[in-house]
Amino acid sequence: MTFYGKKIKTRLIELGMTQKELAQMVGIDVTYISKIIAGVKGGWKYRQRINEILWPIEELESAI
């Protein structure tokens, strides 16, 4: 598992969200999300959308 994969997995747990829910929100198959988390795929095409879902800008701004 890559650093990015660990961050996704941790954040999913924090939000009580499943990989399936994230995949549906991103618009990709759950197996692809699983591969991104495992480090099999980089998921570069989808990282921005994943980040927007898991770490919304409003939340980041309130942390500053």
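Leaving aside its neighbours within four places in sequence, which residues is Leu54 in contact with? Let's start there, everyone, and keep in mind that this is a predicted model. Have a look at Leu54: the residues in contact with it, once those neighbours are set aside, are Ile8, Arg11, Leu12, Leu15, Met17 and Leu22.

Now let's step back to the core. The largest nonpolar core has 14 residues, and Leu54 is among those that touch the most other members, together with Ile8, Leu12, Leu22, Ile33 and Ile50. Where do the core residues come from? Two or more are given by each of these elements: helix H1 (3-15), helix H2 (19-26), helix H3 (30-38) and helix H4 (47-54).

Next, please turn to H3. Its buried residues are Ile33, Ile36 and Ile37. Just after H3 you come to Gly39, which takes a positive phi of about 90 degrees.

Last, let's see how H2 and H4 meet. Their axes are 10 Å apart, and the two helices pack at an angle of about 120 degrees. That angle makes H2 oblique to H4, and the crossing in which H2 passes H4 is right-handed. On the H2 side you'll find Leu22, Met25 and Val26, and they meet Arg49, Ile50, Ile53 and Leu54 in H4.

Note on methods. Residues are numbered from 1 along each chain as its sequence is written. This is a predicted model: local features need pLDDT of at least 70, side-chain atom pairs count only at pLDDT 80 or more; totals for chains, interfaces and linings use all residues. Side-chain values use heavy atoms; hydrogens and water are left out. A nonpolar core is a set of buried Ala, Val, Leu, Ile, Met, Phe, Trp, Tyr and Cys residues joined through side-chain atoms within 4.5 Å. Buried means under 20% relative accessible area, exposed over 50%, partly exposed in between (1.4 Å probe, protein chains only). Helices (H or I, at least four residues) and strands (E, at least two) are DSSP runs, numbered from the N terminus. Contact means heavy atoms within 4.5 Å. Axes are lines fitted to C-alpha atoms, for helices over the stretch in contact, and angles run from 0 to 180 degrees between N-to-C directions. Angles under 35 degrees count as roughly parallel, over 145 as roughly antiparallel, 65 to 115 as roughly perpendicular and the rest as oblique. A crossing is left-handed if the near helix is turned anticlockwise from the far one by less than a right angle, and right-handed if clockwise.
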